[in-house]
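Dear colleague,

Please find below the structure that I am handing over to you.

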Amino acid sequence: MPRVPDPLLTKHETEEALAFIADEALRFLATLDTDRVRHDGADEAAESFSGPLPEDGDGALEALATLVHQGMDAAIRSPGPRFFHWVMGGGTPAALGADWLTAVLDQNAASWASSPLAARLESIAIAWLKDLFRLPTTWGGVLTTGATMANFVGLAAARQWWGERHGVDVAAQGFAGLPPVPVLTGGYVHPSDTKTLAMLGIGRDSARAFSRDAVGRIDTEAVEDALRALHGAPSIVIASAGEVNAGDFDPIDELADLAERYGGWLHVDGAFGLFARAVESARDLARGVERAHSVIADGHKWLNVPYDSGFAFVRDTSLLAKVFTLTAAYLPAPDDPHSVFMNLSPESSRRARALPIWATLRAYGRRGHQTMIERHLALAKHLAARVDATDDLERLADVKLNIVCFRVHPRGLDDAARLDELNRRIGESVLRDGRVYFGTTSYGGRVAFRPAIVNWRTTERDVDLIVDVTRELAARELART
Ligand SMILES: Cc1ncc(COP(=O)(O)O)c(C=O)c1O
């Protein structure tokens with residue numbers, strides 16, 4: 001007789017299912033510090049999930065066992081200390097525990113009515129984060145799925161402001177009859193900002209990036225010329241606090257001056273760079289952020305909260321309400337005394353992302369997070385020193401924050417195309433090898449590595465492996481040619 005595992009009839013499996021997953025989770029975490037970031041057979045393991053929708057289910061325990069047994073090798077150990085690809089953090093013990101609880105409690109963080117716990121903790125998380133980032137207490141904020149959606153929120157507020165300057169409520173009436181939105185930025189602008197412009201109907205191509213060199217440093221004089229040419233028409237300026245190749249910053253204070261002088265909205269993408277403001281030694285890099293109109297960062301990067309987690313802060317929250325409020329007789333009234341977060345963000349039903357954020361801030365406090373950030377800054381300097389001390393490695397940029405941009409450059413090999421090809425091949429073998437994990441980028445037209453240090457577990461031993469593995473794989477590539 002076929003099994004029909006109606007969840008109601010198999011409710012008793014809940015306890016055993018959670019215990020099984022807890023065991024497997026502990027097994028995963030026990031080896032996370034030293035495990036290969038990518039397992040051999042990862043592709044095959046991922047491919048092994050195939051087949052049609054089953055007519056009759058296996059039941060929770062069997063399904064979870066299949067998920068674990070087929071899936072673990074396909075999972076990248078990105079929460080571990082040797083993952084340096086992109087800019088991705090892990091989950092602190094407090095954040096991970098709270099994230100599990102978030103799934104169990106399954107709260108809808110739409111409003112106080114749907115969850116007083118989620119709504120209250122979101123207000124507190126926003127206030128604590130503003131404190132950590134030294135943002136004005138009067139600003140509002142909201143949690144999002146990540147930096148892309150946080151950029152969406154900040155730039156949605158900018159779009160509304162811009163429309164109002166033209167006498168139009170864009171959220172209500174759209175863009176009909178309005179001129180294109182002038183968006184000015186530098187070469188560091190992250191593609192998620194321009195993706196957001198596409199989503200907002202402003203248009204990806206509206207952004208004009210003014211760079212003064214091949215790596216993308218912003219040309220503020222050209223930005224000023226462009227602003228002047230607008231003759232007082234409102235504009236949006238996007239600044240980068242932490243770009244992905246070398247962790248550099250736009251001069252935000254200067255851009256705030258320009259925005260103020262020419263009547264622009266200043267949006268700052270600080271997906272990871274905003275964390276510089278939490279520590280004395282790096283704070284100056286992001287000077288002027290407090291003068292912006294919207295600022296964003298990610299929780300799943302340097303706060304080390306599990307996916308997905310981002311935050312948007314805006315000077316004038318009423319603009320968000322104009323864009324995102326949904327009204328219906330059964331929903332919270334506009335005069336609800338509590339913050340109705342679904343009316344400040346793109347999602348309506350929302351995961352209670354505040355729980356892990358609150359938990360990690362409560363568990364480690366300002367000082368714990370400062371210690372972690374300072375450790376990462378020191379590790380980046382340590383890595384740079386090791387690169388500098390190695391004949392066949394070449395550092396391509398100053399280390400401003402937590403990213404070290406370098407390449408393999410053997411003595412006597414100076415042909416640009418061959419160097420690029422060599423580094424590209426080494427980058428591919430680093431990812432295949434899996435002992436450490438970081439890919440390549442193009443920095444000033446040169447193929448380069450850009451490991452980013454953001455994980456709370458990372459130590460000097462892990463960072464040293466970057467140099468050791470790169471050199472070993474470089475030697476192998478060179479021997480092959
Ligand atoms: C500067 C910057 N902005 C935005 C993003 C997009 O973040 P998310 O993937 O969380 O949407 C990233 C991701 O690396 C980033 O580094």
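Which residue does Val 142 stand opposite in strand 7? Its counterpart there is Ala 312. Please bear in mind that this is a predicted model.

The pairing behind that position involves strand 1, residues 140-144, which runs antiparallel to strand 7 and is joined to strand 7 over 5 bridges. Strand 7 itself covers residues 310-314. Strand 6, residues 294-298, also pairs with strand 7 in the antiparallel sense, over 5 bridges.

As to burial, strand 7 is mostly covered, with 5 of its 5 residues buried. In a regular strand, side chains alternate between the two faces of the sheet. In strand 7, Gly 310, Ala 312 and Val 314 lie on one side and Phe 311 and Phe 313 on the other, and both faces are covered.

I turn now to a pair of helices. Helix 6 (residues 147-165) packs against helix 8 (residues 191-199) at an angle of about 55°, and their axes are 9 Å apart. The two helices are therefore oblique to each other. Their crossing is right-handed. Helix 6 contributes Ala 147, Thr 148, Asn 151, Phe 152 and Leu 155 to the contact, while helix 8 contributes Ser 192, Asp 193, Lys 195, Thr 196, Leu 197 and Met 199.

Yours sincerely

Definitions and conventions: Residues are numbered from 1 along each chain as its sequence is written. This is a predicted model: local features need pLDDT of at least 70, side-chain atom pairs count only at pLDDT 80 or more; totals for chains, interfaces and linings use all residues. Axes are lines fitted to C-alpha atoms, for helices over the stretch in contact, and angles run from 0 to 180 degrees between N-to-C directions. Helices (H or I, at least four residues) and strands (E, at least two) are DSSP runs, numbered from the N terminus. Angles under 35 degrees count as roughly parallel, over 145 as roughly antiparallel, 65 to 115 as roughly perpendicular and the rest as oblique. A crossing is left-handed if the near helix is turned anticlockwise from the far one by less than a right angle, and right-handed if clockwise. Two residues are in contact if their C-beta atoms, placed from the backbone, lie within 7 Å. A residue is buried if 20 or more other C-beta atoms lie within 10 Å of its own, exposed if 12 or fewer, and partly exposed in between; C-beta atoms are placed from the backbone. Two strands pair if DSSP finds at least two bridges between them.
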